[in-house]
Every structure is written in structure tokens, then in C-alpha cells.
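Hello,

Here is the structure I said I would pass on. Please look it over first; my notes follow below.

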Amino acid sequence: MKNKFKFKQSHIKKPLIILAWIASIVYIYWWLQFSNVGNIYLYIILLISEIYFLLMTWGYWFTVWDTSFTKKRSIHTFPSIDIYIPVCGEPLAIITNTLTAILRMKYKEGFVADYPELVHIFILNDGFVAKKENWKDVDDLALRYPVTVITREIGGGAKAGNINNAMKQTWGEYIVIFDADMNPLPDFLTETIGFFRKNSVAFVQTPQYYSNKKRNFVTDGAWAQQELFFGPICRGKNRVNAAFCCGTNVIIRRKALEAINGFDTDNIAEDFSTSVRIHAQGWKTIYYPHVLAHGLAPMNIEEYYSQQLRWAKGSIDVFFKNNPIFKRHLTLAQRIQYLLSLGYYFMGFFMILDAFIPVIFLVTGIVPVKGTSTTYILLFMPYILFIIYILSASTGGSLNYKALQFSIGSFYIQIIAIFSSIFHRKIGFKVTSKEVGKEKNFYFKLVWPHILYIIIGFISIGIGVFREGFSPAIITNMSWIIFNMTMISAHVYAAMPGLQAWLKKIFPTESFGYDETPEVYINIIH
Amino acid sequence: MKDFRVSVVTTLVILVCIAVGLLLRLHFISSLSISLDEAQSIWQAQHTLWGSDSIFVVMAKDIHPPLFVLMLHFWIQQFGQGAFIDRILPLIFGMLSIPPFYFLVKEVYTRKEGIFAVAIAGCGPLWIWYSIDIKNYSLLIFGTILSLLSFFKIVHNNHPRTWMIFFFLSQILGMYSHYFFFLIILLEFIGAFIYKKKSIIILSLLSAIFFIPWGYEFLLFHSSSTQPSLGQVNLFNILLTIFELVLGYHSTDFYKASIALWPLVILFFFVYIKAFRKVNKDSMLLLIAIILPIAGTFIVSQISVTIFLTRYLLFVSIFLYMVISRSIFSAKYVPYRLVGTVGFLILLLFMTYTQFSDPLNISVEDYKDSVAYVEQYATPHSLIIVSAPFTIYPFEYYYSGNAPYVTLPLWDRKHPINFAPTPGQMAALVSSSEKTYSKIFLIESYDQGHNNETVSWFNNKFKIIRQENFGYNVSVHEYQISYDTHALANR
């Protein structure tokens, strides 16, 4: 059976990446000449920001230098496997779907349920410790399926603690983890287990595909970001043995996990920090870029923010408390890859610094850079065009503007995460509910910074024009503000389900409003 | 049935685009005065076909091959002379370029991009400008499009014989239309390496044989010192040229304000990011076709003689328009495409309107009004000094007054000249005129780098009575040089 979805990808010609590097060096050289310094403080702020974006860009080009991947390995033995489904208050219908899909996974000559001596399925119920109303229902659900439920009575460590608790009570050679909203395809085990023929392999990570990506504007945006991550980024990381565990759709060698005393319970991005420790012990990890499980994207902006905040906070915590750059026994390439993954969550901070430079100019007339902009434009254009080309080409053209908008518009989440990490302030997050409940018409609290920037932008444009008229400098800075407004506007729109619904009534041809059901799934259901 | 319907709709849309393009061209055809270049073309076309003063000899001394002027010669013989009627000839080539442009874009991309490209070609400011300019540029566009169309047909379809013949003929047409067509041939050579098609090189070389007679004539008669100086170019000119190629000619302030919008160009690239997904052979060649001529001519202009001019690089607009079409249609969401296509067409129409209506447009040369002004005020006791020398072409085209005129410095237009008038030349001209004339009308245009000095010299020497500017490029200075009515009476 073939998967319906495949990640598009293309191998970028290396001479083009080399040319891009040259263009970027020429560009940054212009900055480092210091011959165009206007206001020194603004110049330094911009320069730091430019260097940050340049390093991230170089990192991305290094990542996509070669995205070829390890081919599937044939299976010779059929080891024992524990399948974990960590649950914490998710609706029963969603857990039932996951269970159904798991039970139809193939193993040996049949399905997993046909080999109870080899494959054990566990629901790791954290509903009790998390005081979820349906925890008992989950326990009861387990009675109707050939699965075991492990319900914690003493909490701690969130999902990582839940898994570690289960590890003590189970014995399979390999552990497979599926979040409660992830539905594996039948081939999951047969496609992945072969990689463990190499004793050095610690885990095999597969992509998270959102089958509800066409449900609405938010699911589509969330998927657009996933496509970039699980496409070229993970493939590139795999090349340098830096593929990290994403917490679901993953199969792990128990021995590797035990060697590091289980999942890291000190970090809410337990999968990430655990991966660092696994790599530090010299294990190999595999990213297998075929979709072998389907899940659900956050359905609204609140869920999206909750998910992103968790990832951002966890990653930034790792950056400040357990930075891989200082971790012994990691290779240089692994350190770079981890730093790139962590560095992504600082983008919002630098983005907002950049976004206020034109505002400052329009309001005060202070410029960070003086002199003619002609040279700057001619140096910047090739650099940015190479960035755009490599971004687009590395995803086989699947990357769209919305993915960039969703990434850049996440600055608020990332800034909160940074401050929360620096000042050790706990931030709460909801478990993505995946349920269509009563939606607000406008999630103002989540996007007020975006709206504030748009208002400040318009005011500063007014001040600038009033002061100087439409001079070239005013027009350029005005254009930058419009650029930034456009970039962050997707979050504002995503925060307005009321407007989306209204527009859908007016333009009924809108392509949202349905979930994909893979053919393979239809076969299972019927 | 569906294919038939698509064909009918496509044909109708293309016809509408062509009709709109024709109406726009006809609307603007009489709006501008004849330019210096146009007047020079007409002057060249008025030469005989044979002899020591033939069109071929005149053109060999010029910076363009003879084909267009030769056609203009016959055109004038057939239809007479006049700004409107003579502009019909380039208009024909401008209009003939549009249908093959559709097929070219369709060949490289798809039908949709082709239709949009036709709409762009119909209302593109620079394409309209040169469709009604009595010079060889619309012929260059026409030849380039035919050459590229046949090139892509050959490389995509494994040497179809018809297209090979077409390619061969279009190469000859292109070579005789403009010397910069050799850049197209160079690009096609590069394309031949990319596609591994030797036939392209062989056909181009074969067609080049037909250029040898003209090459010989050129070597025999050409003299670079008869050519005007084009001034130094800097990095800003690169931006300016790219801007002009897409959005036409405008005033300096308009340019600066528009180029200042460059962050929005980056936004455009981000919105239409899917256009960058793949660099296949076609798009790589298009990219080279944009970068190579611009970078190449700029570098040559920096180290040797200035050849970096927007109009010489007009053919690059073909590639820019193709890339823009592709970019807009690469968008995933229909609203993006809709906004992109409609927005870009509105922008082009607006730019076309301002291009022809803005009195400060730096490319508008208003000789008609300046000459009418001189005719109004100059008497037989006035001397008209036309400076720099090339201004004589449009001046003569319009002038029918009684006052005598000279060029400064005196110029036999068939022989080499030093364009900068020396103070000695000016003093000699004036001293010989003072006894005969009471007024001097100094017409300045087409600055060769010494207009300011010339005007200063006259300003210091004589009392200026009036000064009028006619657009950005032409100015008339009226001086009182003598009050001796006796001398005038004895004349």
C-alpha cells in the first residue's frame, strides 16, 4: 500500500550553494566595512541581527547541502516491541482512532495483534495525575481492546515522566511512541525496524503528517511549517547524524534509552534534550522521511500558540541550561545542527529588533546606515534571492509564503519563551485538544503585539511623511514596515475565526474545510 | 471539445490584448515630438541606395546595422514622410512581436503565462515607447522573439526542420536589426551548451556568413569619432535600467521614489516564492539572459566605452516579463495570482500613462515645441546656434523659419568631430556674427558633457533675454548680441 503523501524535495546543485555563500560573504563584507555607519547604536543592533540571520542562513545551506537519505533496510529478525500511547485527557474518540490504527499495523506475516508475545500496546494514562475528567473512561476503553493501560498515580516529569514510568513496567526491546492523536499506517514497523540491524542505531524518527491540514487557515499554516522541518531540515540533519527525536512516530532502542536513564524530565521539550544525550553517548539516529503516521494539527490559533510555546520554551531552556555546544562527545556537525534548531527560536527576537528600525527612522529621522542605498540594494538582492531560491528549491517548491508568515509571526511566542527561560518563570500550556469546541471570534490576547506593531507602523509612517514628505528614505522605510506588516498579518488573520467564517461565506470556493483521509485509511475503516 | 474551447478562449484573449496594445500605441503615437534619434533615422533613410553617400555608407558610420533604415527608406518612398506615418513602421514590428511572444512564453512555461505575457507586452511602457519610435528597437524585439521561439522549439523538440530554418532566418534578421543581437546569439550559444545542441551553434555560424558583407562595409567606413559620448555609468544605472525595462521611462524623482520601494520587490519574491522552486535548463538560461547582458555591458562601460543603455538592453525586458509572468502564476493560491496579474497590469498601464504624460520625463525630447518657439521669436536678423551637433537632426526636421542656423562646433555630419566646443570656436562664431545678427538663439540638448560650459560662456558674454525649457532635455536661450541697426541695415 502506498502512502498518499510524499514530501517533495529536490537536491540543490552544489555550485549554486557555493555561489550563494559567495553572495552572502560579499553582502556581509559591506556591513563589516563600517564605512556606512549612521547612528552607531542602531548600526550595531542591525549588524548583530544581520549576523544572526546570516549564520542561520549558512546553517540552512549547510543542512540542505545533501539531503539524500538512508534507504529502508530489510528485516531479518522480529524483536519484541512495546507501543506507548501517552494520554492526558484527550477525547476518547481520538484515542480510539489511534488504537484502531495501531492494531492494524503489520508485523511478521500478520498484524501486531496477531503476535501478543512480541508486540505489546500500552496506553500511558496521565489523566489521573493531571486531574482530567475522562481518565477513568480511558482506563475503561483499554478493556475493550487488547491493550494494557498504565495509569500513574504519582505525577512528575509530564510526558517524559509518564514514559519513564512505563519503561519500568515493560520489557520490549524497542519502544514505539505515538501521541494520542497520531494514527500510524500499517507499514510503520516493517519500514522502520530494519534500521536496527545496526547495533549503533538508537532511534528512527518518522515525520508527523497533519491529515487535517486543509481544515482551516491555522492547520494549513502549521502544516506549511512542518513541511519545511520534516522535509529538507530533518533530511539534512540525518546526513550528519543529528536527527533528533520528535516525541511521537518514533521507534527507540530500549537499551539506548536506558543508557541515559530514560527521557529527560527536566525539560518540556523532553524529546529534544533526550536526543542530545543520546547523541552524546555516540549513538546513531535515523530520520526516515516517509510518512508513516498521520496526526492532527492545532485547530485554532490558541492551540497553535500553545504547541509552539511548548517547543520554543523547551528549546530555549536547552539553550540556556544544557547547551549542546558545551556537551562533550558531540561532533561539530551535531553541535551546529542543534544550535540551528535552538537558534530558530531566537528569530522572533531579532525580527522585532529589525522591525523597529524603520519605525525609529520614521519617527526620529535617525538612520542606522548612511549614504547611497544603491550598492546596498545590489549586494542585498542576490543574497536574498539565493535565500529564497534555496528555501523554495530545497522543499521541491512546496514551501509557500504562509509558512514564512507563520514562522515570522511567531515572534511573540518566542520572545515570551526567551523571557520565561531567562527569568525562570513557569509558563503554562494546554495539551492540544484537537476538538472543535466553541471558538472565539477573535483571539485578541494572542495577537495584540502584532496589532500594536501595525498601529505603530501606520503612525510612524504618518509622522515620517509629515516630516519629510515622500522622500526616497521615507518610502524605503515605509516599504519595510509594510513588508513586516504583511509578514505578521497571517497571525492576525488566523486569530480571527469569525472573519474567516464570514469570508468563507462570501468566497465559498475557499479550499479549506475538509480532512484528508488517506486511501490506506479508507481500506482500514472498511 | 474542451481543447477547442480553450483554443477559442485563448485566441480571443490574445486578440483582445493585441487590440488593447494597438489602441494604446495609436493613442500615444502623436503625443511626443520627434526625437533626435528618430530624426536621425529619417535623415539616414533619405540617402540614396547606391553611391558614396548611400544609406550603407551612412549606416556603416553609425552605431546600428542598416536593415531598419533601409526599410524606412522604402517606407518613406511609398507612404511619404511625417512623424505619424513613419512611426507606423516600427509599430508594425511592435505589434508583430506580440503573437510570437505568446508562443515563446507558452513554449517555455504554459498557456496561462503566455496569455499574461501577451497582456504585459500589450501595455508594457517600454514596448509601447519603442513601438512608436522610428528606430530599430521594435525590430530588435521582433527578431529576438522569433530567434528565441525557434531556439526553444529546437531544443525542446529534437531539431524540427521548419524551426531550424526559422531560426536561421531570424538570426539574419536579428543581426541586421541591432548589433546587440549578438548578445542574444551568445546566450543561445550558452543555451546550446546547456542543452547540448550543436545545431544551434552551426546554424548561428551559418547565418553569420550572411553578415560578412555588412561587416566588411562596417570595417571600411566606420569611425567611432562620429559617435556621441554616452557619459559614465554607475551602479545606480543598473537599478535604473532594470526599473526602466519593466516600468518604462519617467522623471528622476519618480525613479528615485520608485526604486525606494525595493523592499516591496523582496516582498513580491517572498509571496511568489514558489517561482524559485526549480532551476531547470530553461529558467537557468533565462536567468543568464537577464544577468549577462546587464552585467556584461556594465563592466565594458566601466573599463572601456559606455555601451550600457536601457534601449540597447531592451531585449532583456523579454526575459524580465517572462520571469514576472512565471512568478505570479507560481503562487499556490488563486487570490495571489489574481492580485498579482491584475495589480501588475494596472501598474503597467499607470506607468505607461505617466511615461507619456509626465513633462519631467527625462527621455522626452520636445524638439517640436522648442523649434516652434524659435520660429516664433527668431527673425532673419537672428542666428540660431544648435548645440550639441546631433540636435541638428530634429531641428531640421521641424524648422521652416527664415533665420539662419549653425551647429556649434560647426559640423559636417559625414566626418569626424570633436563634440566639445572650445572657447576659441565660440568666440570666432560670435565675432563673425555680431556685425550681422542682433540675437542668438542657443538650442541646447543631448548633453555631451559641455552644455553647462557653453551656456555659461554665452551668459557671461551676452545679455540673456529669455530662457525656456522644453521638457527635461531641451532648452532655448535667447541672447541680445548687438544693437547696431546700421550694420543690420547694410546687410
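**Chain A against chain B**

In this predicted model, 37 residues of chain A are in contact with 26 residues of chain B, contact being heavy atoms within 4.5 Å. The two chains bury about 2900 Å² between them, and 79% of that is on carbon and sulfur atoms. Buried area here is the accessible area (1.4 Å probe) that two parts lose on being put together, summed over both.

There are zero salt bridges between chain A and chain B; the rule asks for a side-chain nitrogen of Lys or Arg within 4 Å of a carboxyl oxygen of Asp or Glu. One residue pair is in polar contact across this interface, with both residues at pLDDT 80 or more. A polar contact is a pair of N or O atoms within 3.5 Å; within protein, one must be able to donate a hydrogen and the other to accept it, and residues adjacent in sequence count only if both atoms are side-chain atoms.

On the side of chain A that touches chain B, at least two residues each come from α13 (374-394), α14 (401-408) and α17 (472-494) of chain A. Helices are DSSP runs of H or I with at least four residues, numbered from the N terminus. α13(A) gives the most to this side, 14 residues. By residue class the side has 21 nonpolar, 12 polar and four charged residues. Ala, Val, Leu, Ile, Met, Phe, Trp, Tyr, Cys and Pro count as nonpolar, Asp, Glu, Lys and Arg as charged, and the others, Gly among them, as polar.

**Inside chain A**

Chain A is divided into domain 1 (14-66 + 345-506) and domain 2 (81-340), with bounds from an automatic or database domain assignment. Their centres, taken over C-alpha atoms, are 32 Å apart. Domain 1 of chain A puts 55 residues into the contact and domain 2 of chain A puts in 49.

The area buried between these two domains is about 4400 Å², with 69% from carbon and sulfur atoms. One salt bridge is counted between them. A:Asp220 and A:Lys402 meet through their side chains in a salt bridge, at 2.7 Å from N to O.

**Conventions**

Residues are numbered from 1 along each chain as its sequence is written, and chains are lettered from A and ligands numbered from 1 in the order in which they are written. Local features need pLDDT of at least 70, side-chain atom pairs count only at pLDDT 80 or more, and totals for chains, interfaces and linings use all residues, while side-chain values use heavy atoms, with hydrogens and water left out.

Regards
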